[in-house]
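Open your viewer, get ready to select residues by number, and follow the stops below.

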Amino acid sequence: MTNPSVIRINPALDPAPFAAVYQRDGVVQIPVFLDPVDAEATAGIMAGLTWNVVAPDETSETLVISPQVIQKFGEAQVRQFLQGALKRASRGFSFIHLSYALQDEYARDPTAPIHRATEFLQSRAFLDFGQAVIGGDPVGGVRAQASNYRPGDFLTLHDDSHQRDDRLAAFTLGFTRDWRPDWGGQLLFHDADGQIERGFTPGFNVLTLFRVPRVHSVAPVASYAAAKRLSLTGWLVREPTKTT
């Protein structure tokens, strides 16, 4: 009997053909990644999360704006801060979207329903499947969050390099239904001249893996988009070096 609390990878998936694409292109999409029943259950839980707004400050540090912060400081002050993030987007790296810090929240209350997903992303089943696709150095862990892009939300050009985490690959696991391509929100990859090499429209139960560093962005979501752009996102990180 299967454990209903455990999220399962689609047992029909063979990582080998996806590994060949990844080695050739540095990016691959894997449709119907989760068992469909588990994908539906996870999507339902994500739709009901209490989200925080995230955006960078003047030093590019991420500020987390919770509903409690909005209540304390007022919507007008929060909008003023977000206007600053919008201005910074015209000059370089910036972003505005909703986020749920899976691993931080897990430490506070591991019994919340969403943490089926947290435990799955941290499991050897997920890490080993990712390892089989990306190859190379051992995958030792994951950094993960849930994300929700509303109309107007965006993520400008960056390559996911990080000073603390030794990132091997980035991932997105989409839970977006019935998305029209003219609603924006595409994950876009760019060449050295800024041209779009390829892009992926948000989808449901599809895992995307791509090599780090690689320049990419998320196109702004259109004001008339009528669905939620939901995903679990993060990075596969290298096995820490053991010291003697």
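A residue counts as buried when its relative accessible area is under 20%, as exposed when that area is over 50%, and as partly exposed in between. The model you are looking at is a predicted one, so treat each stop as a look at a prediction.

**Stop 1**

Start by selecting asparagine 205, which lies in strand β10. Is asparagine 205 buried or exposed? Its relative accessibility is 5%, so asparagine 205 counts as buried. Now look at its backbone: phi of asparagine 205 is near 55 degrees, a positive value in a residue that is not glycine. For background, most residues other than glycine have a negative phi.

Next, go to valine 32, in the loop between β1 (27-31) and α2 (36-47). Valine 32 also is not a glycine, and has a positive phi of about 45 degrees. With a relative accessible area of 41%, valine 32 is partly exposed.

**Stop 2: a cis peptide bond**

Move to the loop between β10 (204-211) and β11 (216-218) and select proline 213 there. Valine 212 and proline 213 are joined by a cis peptide bond, with omega about 5 degrees. As a rule, most peptide bonds are trans.

**Stop 3: helix α6 against helix α7**

On the α6 side, Phe120, Leu121 and Gln122 make the contact, while α7 contributes Arg124, Phe126 and Leu127. Sorted by class, this contact has four nonpolar, one polar and one charged residues.

How many of the eight residues of α6 are buried? Six of them are, so α6 is largely enclosed by the rest of the structure. To see them, select His115, Arg116, Ala117, Thr118, Phe120 and Leu121.

**Stop 4: helix α1 against helix α7**

Show the side chains of Pro15, Phe18, Ala19, Tyr22 and Gln23 on α1, together with Phe129, Ala132, Val133 and Ile134 on α7, to see the residues that make the contact. By class, the contact of α1 with α7 has eight nonpolar residues, one polar residue and no charged residues.

**Stop 5: aromatic rings**

A pair of aromatic rings is described by the distance of the centres and the angle of the planes. Select phenylalanine 120 and phenylalanine 126: their ring centres are 5.4 Å apart and their planes meet at 55 degrees, so the pair is tilted. Phenylalanine 120, at 5% relative accessibility, counts as buried, and phenylalanine 126, at 2%, counts as buried too.

Now widen the selection to Phe33, Phe120, Phe126, Phe129 and Phe171, which ring pairs link into a cluster.

**Stop 6: arginines over ring faces**

Finish with two arginines. Which ring face does arginine 214 lie over? Select phenylalanine 189: arginine 214 lies over its face, at 4.9 Å from the ring centre. Then select arginine 229 and tyrosine 149, where the arginine lies over the face of the tyrosine, at 4.7 Å from the ring centre.

Note on methods
Residues are numbered from 1 along each chain as its sequence is written. This is a predicted model: local features need pLDDT of at least 70, side-chain atom pairs count only at pLDDT 80 or more; totals for chains, interfaces and linings use all residues. Side-chain values use heavy atoms; hydrogens and water are left out. Contact means heavy atoms within 4.5 Å. Helices (H or I, at least four residues) and strands (E, at least two) are DSSP runs, numbered from the N terminus. Ala, Val, Leu, Ile, Met, Phe, Trp, Tyr, Cys and Pro count as nonpolar, Asp, Glu, Lys and Arg as charged, and the others, Gly among them, as polar. Rings of Phe, Tyr and Trp (its six-membered ring) pair if their centres lie within 6.5 Å; planes under 30 degrees apart count as stacked, over 60 as edge-to-face and the rest as tilted. Buried means under 20% relative accessible area, exposed over 50%, partly exposed in between (1.4 Å probe, protein chains only). A charge sits over a ring if NZ of Lys or CZ of Arg is within 6 Å of the ring centre and within 35 degrees of the ring normal.
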